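Student: I would like to learn how to read sheets, helix packing and ring pairs in a model. Can we go through them one by one?

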Amino acid sequence: MHLIEIDEGSGYCFGVTTAINKAEEELSAGGSLCCLGDIVHNGSECERLRTKGLTTIDHTTLATLPRGTRVLLRAHGEPPATYALAHQRGIELIDATCPVVLQLQRRIKRVYDEPGQPQIVIYGKPGHAEVLGLVGQTDGTAIVIEHPEEANALDFSRDICLFSQTTKPLEGFRQVVDYISQRIQPSAQFRYFDTICRQVANRLPNVSAFAARHDVVIFVCGQKSSNGRVLCEACRKVNPATYQVDNPEDIRPEWFQGEVGSVGICGATSTPKWLMEDCRKRIREILELGENKE
């Protein structure tokens with residue numbers, strides 16, 4: 001008998017859950033609903049909501065929508081320019097920005113409005129939806145860095161204020177802090193704010209412990225999920241028999257050959273529980289088929 005366990009800590013974070021619930025509420029009320037960008041970085045969930053009537057649009061399309069169109073803003077947040085455009089065109093916004101992201105946007109805006117205006121630095125992934133919303137609070141002047149050495153682009157003789165994308169790893173943020181701290185000049189002030197969401201950050205040690213308990217790990221997440229890549233790599237570090245899949249169809253029978261007593265299934269903050277359940281069913285089918293062959 002094989003143990004196939006789904007990690008209780010995996011699945012949607014609070015912000016994603018709220019955004020999807022809002023979308024479903026609006027769709028059940030009738031009428032059309034657009035979402036600016038993928039509501040979640042998971043193709044299977046986006047397709048499920050598409051069948052319910054959710055249309056995914058981009059910023060170019062937003063500028064062409066007729067007055068009165070309802071548009072959902074996902075958990076990642078948006079820059080001020082998006083709100084201004086929607087107001088100008090008479091578009092009805094349903095704002096599902098994660099409260100953690102919203103608070104971070106406001107903090108960055110307050111620092112940007114300070115006299116003397118320090119260099120605002122964001123530790124994050126360039127081009128990521130959340131990061132674009134954060135940079136927008138500074139009229140596009142914030143400097144985005146993903147690796148410590150990229151901080152060399154800063155002027156260490158001027159004040160620096162560092163923030164973090166909410167879903168980045170804590171260790172990476174600390175490395176950036178150390179790098180800047182060692183180079184900032186005595187005449188300048190360096191302030192940094194750990195703005196990483198703990199609901200996401202705490203998953204790193206938890207998912208590693210989960211992966212270590214199993215013979216094989218199936219990590220379920222979409223290819224676009226930055227958070228998923230970090231968590232999957234954490235699993236692979238402690239368990240080389242870790243395989244990333246988008247959906248149950250990606251699961252290969254050869255992964256379960258030999259002595260496999262237990263299989264762990266986990267995922268990103270953008271991975272729905274129902275998809276992990278579907279993966280468990282598929283693994284069970286593969287294992288039962290293998291036992292019948294024997």
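Tutor: Start with a term: contact means heavy atoms within 4.5 Å. Axes are lines fitted to C-alpha atoms, for helices over the stretch in contact, and angles run from 0 to 180 degrees between N-to-C directions. Helices (H or I, at least four residues) and strands (E, at least two) are DSSP runs, numbered from the N terminus. Now the case: helix H5 (residues 99-112) lies across S6, S8 and S9, and runs at about 170° to S8. Helix H7 (residues 170-183) also packs on the sheet, where it touches S6, S7, S8 and S9. The direction of H7 makes about 170° with that of S8.

Student: What kind of model is this, and how are residues numbered?

Tutor: This is a predicted model: local features need pLDDT of at least 70, side-chain atom pairs count only at pLDDT 80 or more, and totals for chains, interfaces and linings use all residues. Residues are numbered from 1 along each chain as its sequence is written, and side-chain values use heavy atoms, with hydrogens and water left out.

Student: In which order do the strands of the sheet with S6 and S8 run?

Tutor: The general idea is that strands of a sheet pair through backbone hydrogen bonds, either parallel or antiparallel. Two strands pair if DSSP finds at least two bridges between them. Here four strands form an open sheet, ordered S7-S6-S8-S9, with parallel pairing. Strand S7 (143-145) and strand S9 (190-192) are the edge strands, each pairing on one side only. From one strand to the next, the twist averages 25°. Five bridges join strand S6 (residues 119-123) to strand S8 (residues 160-164) in the parallel sense. Ile-120 stands opposite Cys-161 in S8.

Student: At what angle do H9 and H10 pack?

Tutor: Angles under 35 degrees count as roughly parallel, over 145 as roughly antiparallel, 65 to 115 as roughly perpendicular and the rest as oblique. Helix H9 (residues 203-212) and helix H10 (residues 226-238) pack at about 40°, with axes 8 Å apart. H9 and H10 are therefore oblique to each other. Among the residues that meet are Leu-204 and Val-207 in H9, and Leu-231 and Ala-234 in H10.

Student: At what angle do H1 and H2 cross?

Tutor: Helix H1 (residues 14-28) and helix H2 (residues 43-51) cross at roughly 15°, and their axes come within 11 Å. H1 and H2 are therefore roughly parallel to each other. Ile-20, Glu-24 and Leu-27 of H1 make the contact with Glu-45, Arg-48 and Leu-49 of H2.

Student: How many aromatic pairs does the structure hold?

Tutor: Rings of Phe, Tyr and Trp (its six-membered ring) pair if their centres lie within 6.5 Å; planes under 30 degrees apart count as stacked, over 60 as edge-to-face and the rest as tilted. The structure holds four aromatic pairs. One of them is Phe-163 with Phe-193, stacked at 5.1 Å centre to centre and 15° between the planes.
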